[in-house]
Amino acid sequence: MESQRGKLLSEEPLLENLIEGTSEKIVEIKGVEHHTTDGWRACIYILVTECFEELAYYGIQFNLVTFLKTVLHENNVTAARNYTNWQGTCYIAPLVGAIIADSYLGRYLTTVAFFTVYLVGMAAMSISASFPTCAGPDCLQDGSSKSFVFFLGLYLMAIGAGGIKPCVSSFGADQFDDSNPAERLKKDSFFNWFFFAIYIGSFVSGTVVVWAQDHFGWVVGLWIPTLFIALAITSFVLGSSSYTVQKPMGSPIVRVFQVIVAAVRKWDVGLPNDDSLLHELLQEKASMADGDKLQHTPVLRFLDKAAVITSAEELNDPWRLCTVTQVQELKVIIGMLPIWATGIVYFAVLAQFSSTFLEQGRTMDKQVGAFAIPPASLASFDAVSVIFWVPIYDKVIVPAARRLTGRERGLSELQRFGTGLVLSVLVMTAAALVETRRLALAAAHGEGEVPMSILWQVPQYFLVGASVVFACVGQTEFFYNEAPASMRSLCSALGLLTVALGSYLSSLVVTAVAWLTTRGGEPGWIPDDLNDGHLDRFFWLLAALSALNLAVFVCCAGRYRRKSVY
């Protein structure tokens with residue numbers, strides 16, 4: 001079967017349009033073909049969808065611990081454990097959504113399906129908020145209907161939110177034609193504005209939605225995010241007639257294991273001197289499941305044995321004979337893993353902005369004029385920074401970099417990611433300098449709140465946002481552009497997995513530092529009273545870890561070879 005773009009090129013009127021510079025695409029939803037000449041027309045719906053979805057997601061995340069403690073009467077340890085378990089589910093679920101999208105439903109239908117689960121979960125949480133609450137501190141434990149319905153909804157939401165995360169960004173990028181230079185530039189710009197939409201939703205949620213929850217109660221406070229999930233679904237479905245929809249290309253997990261099994265079976269088979277003798281389907285016989293053909297590379301040669309033809313009988317057995325493209329797909333994934341690993345360390349460092357940064361802020365002077373600024377409110381500067389930097393990057397930095405480098409995209413995905421890692425070093429350096437100054441003032445003024453304004457934290461939060469614009473967007477672009485066509489959702493999910501693994505690594509580092517620095521009766525670097533500790537040393541440690549991670553990334557990026565398609 002020919003691919004959709006292959007069908008386009010076989011139609012003479014459309015071919016004439018392509019020659020004239022338009023990029024018209026066939027869209028097939030519910031068996032109906034539509035045509036559009038502008039990927040941005042479709043992406044507007046996707047960006048609005050993402051903004052509404054993130055507004056709903058952060059509307060739960062920002063105040064979840066407060067709800068668990070004040071409404072379900074959980075203690076600090078239980079509430080913290082339930083929060084981290086939920087967060088972990090949110091970032092494990094993308095693997096499930098990605099496999100379903102790549103293997104069975106495609107990104108469009110997978111997004112709709114998981115959005116439905118998302119909405120049911122949000123509605124269940126909202127309904128549970130209206131259940132009566134008894135007076136005793138222990139009456140709302142596991143056996144209560146209120147707690148049961150809430151947690152059922154919470155985890156349905158986690159599965160729904162996680163399931164759509166690897167699909168929506170990839171689906172938006174699918175709207176642009178990689179074979180057209182103008183379309184490639186639009187796709188690169190799309191990733192910038194995709195993160196812009198995310199942080200618009202985050203900012204509104206962290207201000208307006210949290211305020212509504214605090215002032216109007218949880219019934220209203222939970223139905224507001226539910227309403228925005230309904231609006232997100234509406235926006236996504238309204239754009240259906242404009243979308244380019246790629247059909248699923250078969251299970252990426254199965255394709256990977258077929259290569260491994262076939263190579264192991266032929267471990268004693270010699271490789272031909274001429275790589276052109278390795279098995280590959282002819283272009284006219286290739287099915288849609290094969291996607292773009294990848295050129296052979298002379299690395300991980302053992303895997304090439306999976307494409308060695310030893311008998312005519314194995315031509316129809318994919319567990320004994322694989323194509324060069326299939327082998328190269330696995331090589332691409334393996335080649336991406338070292339760069340993927342540097343993302344784990346990056347997110348471990350960035351996890352401090354929602355943990356130790358808040359602890360630091362609680363010890364500082366929170367009064368600014370007539371207003372008292374809650375430490376958690378400074379996290380909004382992260383969103384403000386992203387909202388500020390995205391248009392600057394898209395409209396100023398990219399054109400300037402394009403003139404300097406001569407590349408159409410300005411900075412490559414890896415250059416952009418590396419810049420974000422440099423900024424992560426600056427983030428921790430700024431936090432360490434602030435903490436050093438704060439401890440000096442604490443020593444001079446004795447016990448009590450340190451007379452150092454909490455606004456001194458603004459630069460480190462602002463640098464976090466700048467780092468996100470470079471590193472997170474660059475990472476997303478890298479996994480989409482370098483992933484084999486049959487594995488784009490899966491690779492996007494792997495990128496999201498670094499967020500969860502980074503959080504776990506952060507917890508491990510904090511635990512190790514606490515254990516090592518409290519031996520011998522010492523208060524340690526991160527005691528309950530930070531004035532007795534050395535949080536500055538912890539920040540300097542993370543700055544050093546960031547610098548080491550940057551060095552590893554530079555080494556890995558220098559050795560990385562981009563996939564080659566023909």
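Predicted model: local features only at pLDDT ≥ 70, side-chain atom pairs only at ≥ 80, totals over all residues.
I started with T323, which is buried (under 20% relative accessible area; exposed is over 50%, partly exposed in between; 1.4 Å probe, protein chains only), with a relative accessible area of 6%. A polar atom of the T323 side chain lies 3.1 Å from the backbone nitrogen of Q326.

Residues are numbered from 1 along each chain as its sequence is written, and side-chain values use heavy atoms, with hydrogens and water left out.

Next I looked up F151. F151 is buried at 16% relative accessible area. Contact here means heavy atoms within 4.5 Å; beyond its neighbours within four places in sequence, F151 touches L68, L72, E74 and N82. Its C-alpha atom is 7.5 Å from that of M125, 26 residues apart along the chain.

Then came the salt bridges (a side-chain nitrogen of Lys or Arg within 4 Å of a carboxyl oxygen of Asp or Glu). I found twelve of them by this rule. R107 pairs with D102 at 3.4 Å, N to O, and with D174, where the closest N and O atoms are 2.7 Å apart. D102 is buried, at 4% relative accessible area, and R107 and D174 are both buried too.

My last stop was E413, which forms a salt bridge with R562 at 3.0 Å between the closest N and O atoms. E413 is buried at 2% relative accessible area, whereas R562 is partly exposed at 46%.

Terms used
Polar contact = N/O pair within 3.5 Å; in protein donor to acceptor, adjacent residues only side chain to side chain.
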